[in-house]
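This briefing sets out selected features of the structure shown below.

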Amino acid sequence: MPHSGTHKFIRVPSRAIVALIAACGFVLVACGSDVASTTITVVTHDSFAVSDEVIADFEQRSGLTVQFLESADAGTMVSEAILTQGKPIGDVLFGVDNTFLGRALDSGIFRSYKSPALANIPLEFQVDNGNFVTPVDYGDVCINYWVDAFDEPPSSLADLTDSAYEGLFVTQNPETSSPGMAMLLATVAAFGEEGWEDYWEALRANGVAVTSGWSDAYYGEFVGAGGDRSLVTSYASSPVAEVIYADPAIDVAPTAIIEDSCFRQIEFAGVLAGAKNVSGAEQFIDFLLSDSFQNDVPLNMFVYPVSPSATLPEAFVEHSVVPATSATLDPATIEANRSAWTERWVEIVLR
Amino acid sequence: MTGRGTSRRTTVLLGLVPAVFIGVFFLLPLAVIFGETLAFSRSTVTTLTGSSVRSVVWFTTWQATVSTAVTLVIGLPIAWALARFRFPGRQFVRAAVTVPFVLPTVVVASAFTRIGSLQIGTSVWAILWAHVFFNVAVVVRSLSGYWARLDPAIEEQARVLGASPIIVFRRITLPRLQPVLLSAAAIVFLFTFSSFGVVLLLSGGRRATIETEVWRYATQRTEFDVAAVLALMQLLVVGAMLWVAGRAGRKQRQVDGVTVDHGVAPASWRQRTQLGACLALALVVIGIPLVSLVGRSLRSGNAWSANNYLRLFDDPGPSSPLAEPIWQIGANSVWFAVLASVLAASTGLLAAIVLHRVRGRIAVFLDGLVLLPLGASAVMLGLGLLLTFDTEPFDWRASWFLIPVAHALVGFPFVVRSVLPMIRNIEPGLREAAATLGASPRQVWRSVDEPIVRRAFGVGAGFAFAVSVGEFGATSFLARPQRLTMPTAIFRLLGRPGAVTYGQAMALSVVLMVVTATAMLLIERGRGGGVGDF
């Protein structure tokens, strides 16, 4: 393990030095020290969003003050939580997904909490039997296509290796991108441990393009923003966003998803082990499953609430398609194979 | 200045503030993260001796060397034109050349993947061009100011005596430029060697530098031990490079006088053509990506309009990726930048004064140390800050002020480098003359040193401001309270599908560009003909 205790001794003197030096000149201590049990700190990834009124309402009812801290992507956030284990940056961590869940659970960064609100949540989302994390939302990563570009769009993953779609598909590198990882996992789920490598070899032969992140694919290569590729790895909710963020307004989304190409991402939240305000953190977890938060999820993060009692906004009802089937893999399996799969993928597709 | 002892004590006292700043927020976090994560287990050794790490080190060095060479080749003629000719808009060109340098990589990458209808896509050429685009400012700014103050008479005499222009350049001009050229090359190498965003975003994962590998191992694979060894390797190479450059660059700079600008208005057709060709070069390398960015910000639904700019003022709320109104985001950016620039300018100014007073080995060492924040791993520094300040009453991880502190760390080297030459140019004769005429030490300070120091502070603060407004790298590894700045807002907008969010991102990028360009123009005014590395 990267974390052996043998190096701990280095930190003791260094802290003493911090104390000494900092005492000399930096009188900025007040910013962090008066955190009483009325404040909870929530660590999130950089795609997190929530409406102010929803949080204000929670603060009023609970008497707590919520402070959000934004990390980078989900992978970085989990790594940082593992690095600061025992002295967590906050009380609650929001946004670890099923592709990183195995790692987070293995490292023991969470403390167990079973929210009473879980009783209403479908079992398919309750992946963690130890209740260290609570499911909050889910979304599907699917191949999107530009509707006008096709008389006959591909209808499955396998279709993409057809020469009719040569040079049209752009996806993301699973080593650096969460939807890219989901697409790799979709192919592992669809073609099995033996078949996925052949599939990607065929995709490469058919001219697949690879970018580092979602933005480079969607805004750099996809036809929507002027690129020349009409198939892109994105989310099942992207067509809804295309309607909501259209200018001028439109009634029909210019993009659609290939239903038979999806991988399901579930996002979880958990109380961090060593949290200063455990009871506040647990109240916040309950709040994440309340209708007030669950109703707010779709338009803020373009994912679906896990709670069946939540109401979907009109735009989602009208323009979004939840794929009938979406691939899943056990988080422990993902964690056990993640490095080997991505390394193999890089060799097949990029080298 | 009374005795040597007092002088040394003053130097140490002056150095205390920048030393504490760099020590607490840079050296200490690095020491803590290395102490915590560095381990040579069997698996690290296997990874590190593997062929993939070897090819990463090779590519890192190769692309840094090529990027530096190309940047010099392109920067030289532009610097020459700005040095030798006076023409309307000279200050504007100097400021405009610097804009790319302070733009966040997210913006630049989106400008580079596609220029007009030309799909550059993800290739090594895109990486090299982006590196030149970013760094040509370093060469142009440091060379042109210095070059303009070199008396061209020597070159002209050599020409009269029959030497060809190439011989004159190689035998006379180049040696005269050498100290500044070397320093600029060292900085460009430093930037490109530790390049992160450009390589990550423009390679699609096909290429990796040591820094992108540090990021991948630390944040995506949670293998901190491998990341730490790689980051240490990067630090050692960068340190060694700074040491070599520092020793080679000690050759005395030859500046003839403080304010003599030898630039002339282009008189002949020949000179006008030369000037035009050099400006055209700048336009191609820097102008095309910038113009393409502006162009895209003005496109909305297949038509030209200012719609994207107007939509920046849309009410934030659910379904807007921006949680704060645009004026608030601008205010956040400016507020952080003001704090960062005051912090960077005051510590940087003191450090520059100290550097001016010390000599010998210690000077080379400190010179290198000042630049080190530009070449050290931003990923490891960010993680180090999280580990260092984790104990009450120093648990500052949730505090917003670490953001301007991190910005100031990036701005600090630029402040020192732009201020130091100004201080060096305070003519000792002036001080002595004032003292002989009966001025008290305080009066000497007020009439000779203070005006220059004040101007130096202004220039340094302006540069740190521009760097801070566009900073995106180091702070993305901190836990940030939800206060959007312009770069983080652009990043968020680019993370959503839809024509409106994309248009807003492009418009906000242009706004950011204009803000930094304005800051740079103000610096040009404030510099008032002084010399500076930037």
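In this predicted model, the buried residues of helix α16 of chain B are Ala378(B), Val379(B), Met380(B), Leu381(B), Gly382(B), Leu383(B), Gly384(B), Leu385(B), Leu386(B), Leu387(B) and Thr388(B). Helix α16(B) is thus described as mostly covered, with eleven of its eleven residues buried. Residues 378–388 of chain B, which form α16, also belong to what covers the buried residues of α10(B).

**Helix α10 of chain B**

- Helix α10(B) spans residues 210–220 and is mostly covered, eleven of its eleven residues being buried.
- Charged residues are found among the buried positions of α10(B), including Glu211(B), Glu213(B) and Arg216(B).
- Also buried in α10(B) are Ile210(B), Val214(B), Trp215(B), Tyr217(B) and Ala218(B), together with Thr212(B), Thr219(B) and Gln220(B).
- The cover over the buried residues of α10(B) includes elements from both chains: α4 (74–83) of chain A, and α3 (51–84), α9 (197–203), α11 (224–248) and α16 (378–388) of chain B.
- After α10(B) comes Thr222(B), which has a positive phi near 50 degrees.

**The nonpolar core**

- The largest nonpolar core holds 272 residues, and the members that touch the most others are Val92(A), Val136(B) and Ala464(B).
- The element that gives the most to this core is helix α6 of chain B (residues 124–148), with 16 residues.
- Leaving aside residues up to four places away in sequence, Val136(B) touches Thr71(B), Ile74(B), Gly75(B), Ile78(B), Val97(B), Val285(B) and Ile286(B).
- In soluble globular proteins, nonpolar side chains tend to be buried together.

**Contact between chains A and B**

- On the chain A side, 72 residues are in contact with 70 residues of chain B.
- Helix α1 of chain A (residues 11–25) gives the most to the side of chain A that touches chain B, namely ten residues.
- Sorted by class, that side of chain A comprises 32 nonpolar, 28 polar and twelve charged residues.

**Strand β10 of chain A and its partners**

- Strand β10(A) covers residues 263–272 and is mostly covered, with ten of its ten residues buried.
- With strand β5(A) (residues 134–146), β10(A) forms an antiparallel pairing of seven bridges, and Gly139(A) stands opposite Gln265(A) of β10(A).
- With strand β3(A) (residues 92–97), β10(A) pairs in the antiparallel sense over five bridges, and Asp97(A) has Glu267(A) as its bridge partner.
- Strand β4(A) (residues 110–111) is joined to β10(A) by two bridges, again antiparallel, and Phe110(A) is the bridge partner of Leu272(A).

**Chain A overall**

- Chain A contains twelve helices and eleven strands.
- Of the 351 residues in chain A, 52% are buried.
- Among contacts in chain A with a separation of 6 or more, 77% are between residues 24 or more positions apart.

Conventions:
Residues numbered from 1 in each chain as written. Chains lettered and ligands numbered in written order. Predicted model: local features only at pLDDT ≥ 70, side-chain atom pairs only at ≥ 80, totals over all residues. Contact = placed C-beta atoms within 7 Å. Helix = DSSP H or I, 4+ residues; strand = E, 2+ residues; numbered from the N terminus. Core = buried A, V, L, I, M, F, W, Y, C linked by C-beta atoms within 7 Å. Buried ≥ 20, exposed ≤ 12 C-beta atoms within 10 Å, placed from the backbone. Pairing = 2+ DSSP bridges.
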